Amino acid sequence: MPRAVAWTMLSGASRAAFRTALGVDEATWARGRGWVLWKALITLDNPDPVRAAEARHMLDAVLTEYAESAGA
């Protein structure tokens, strides 16, 4: 399964290169995205502002990528 690093530390071309290097299919990539979505949602209200900001970043990255993949 893709690591959360794809949506926490990478973006754009670097995320695409990471996905290509992993060689995962669409379903596997979607499951990874779902795992990151879950992680972001459960940490979104973290009292630590740094952790909450990381959660918002992950949420934005996952939702943006999903919208792009869905053709929205």
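Is Asn46 buried, partly exposed or exposed, and what is its relative accessible area? Asn46 is partly exposed, because its relative accessible area is 27% (buried means under 20% relative accessible area, exposed over 50% and partly exposed in between, using a 1.4 Å probe and protein chains only).

## Before we start

This is a predicted model, in which local features need pLDDT of at least 70 and side-chain atom pairs count only at pLDDT 80 or more, while totals for chains, interfaces and linings use all residues. Residues are numbered from 1 along each chain as its sequence is written, and side-chain values use heavy atoms, with hydrogens and water left out.

## The loop around Asn46

Let us stay with Asn46, which lies in the loop between α3 and α4. Helices here are DSSP runs of H or I with at least four residues, numbered from the N terminus, and strands would be runs of E with at least two. Setting aside neighbours within four places in sequence, Asn46 is in contact with Arg51 and Ala52, where contact means heavy atoms within 4.5 Å. Now look back along the chain to Gly32, 14 residues from Asn46: the C-alpha atoms of the two are separated by 22 Å.

## Helix α4

Helix α4 covers residues 49-69. At 1.5 Å a residue, its 21 residues should span 30 Å, and the end C-alpha atoms are 30 Å apart, so the two values agree (the expected span is 1.5 Å times one less than the number of residues). At the start of α4, a side-chain oxygen of Asp48 comes to within 2.9 Å of the backbone nitrogen of Val50. After the helix comes Gly71, with a positive phi near 75°.

The buried residues of α4 are Ala52, Ala55, Met58, Leu59, Ala61, Val62 and Glu65. They pack against α1 (5-8), α2 (12-22) and α3. A helix rule is handy here: an α-helix has 3.6 residues a turn, so residues three or four places apart point the same way.

## How α3 and α4 meet

Helix α3 (residues 26-43) packs with α4 at an angle of about 145°, and their axes are 8 Å apart. Axes are lines fitted to C-alpha atoms, for helices over the stretch in contact, and angles run from 0 to 180 degrees between N-to-C directions. The crossing is left-handed, meaning that the near helix is turned anticlockwise from the far one by less than a right angle (clockwise would be right-handed).

From α3, the residues that meet α4 include Trp29, Arg33, Val36 and Leu37. Their partners in α4 include Ala55, Met58, Leu59, Val62 and Glu65. The residues of this contact divide into eleven nonpolar, two polar and four charged. Here Ala, Val, Leu, Ile, Met, Phe, Trp, Tyr, Cys and Pro count as nonpolar, Asp, Glu, Lys and Arg as charged, and the others, Gly among them, as polar.

Leu41 belongs to α3 and is partly exposed, with a relative accessible area of 48%.

## Glu65 and Arg15

Which residues does Glu65 touch, leaving aside its neighbours within four places in sequence? Glu65 is in contact with Trp7, Arg15, Trp29 and Arg33. With 12% relative accessibility, Glu65 counts as buried. Its side chain also makes a polar contact with the side chain of Trp7 (3.3 Å). A polar contact is a pair of N or O atoms within 3.5 Å; within protein, one must be able to donate a hydrogen and the other to accept it, and residues adjacent in sequence count only if both atoms are side-chain atoms.

Arg15 sits in helix α2 and is buried, with a relative accessible area of 10%. Beyond its neighbours within four places in sequence, Arg15 is in contact with Ala6, Trp7, Leu10, Trp29, Ala61 and Glu65.
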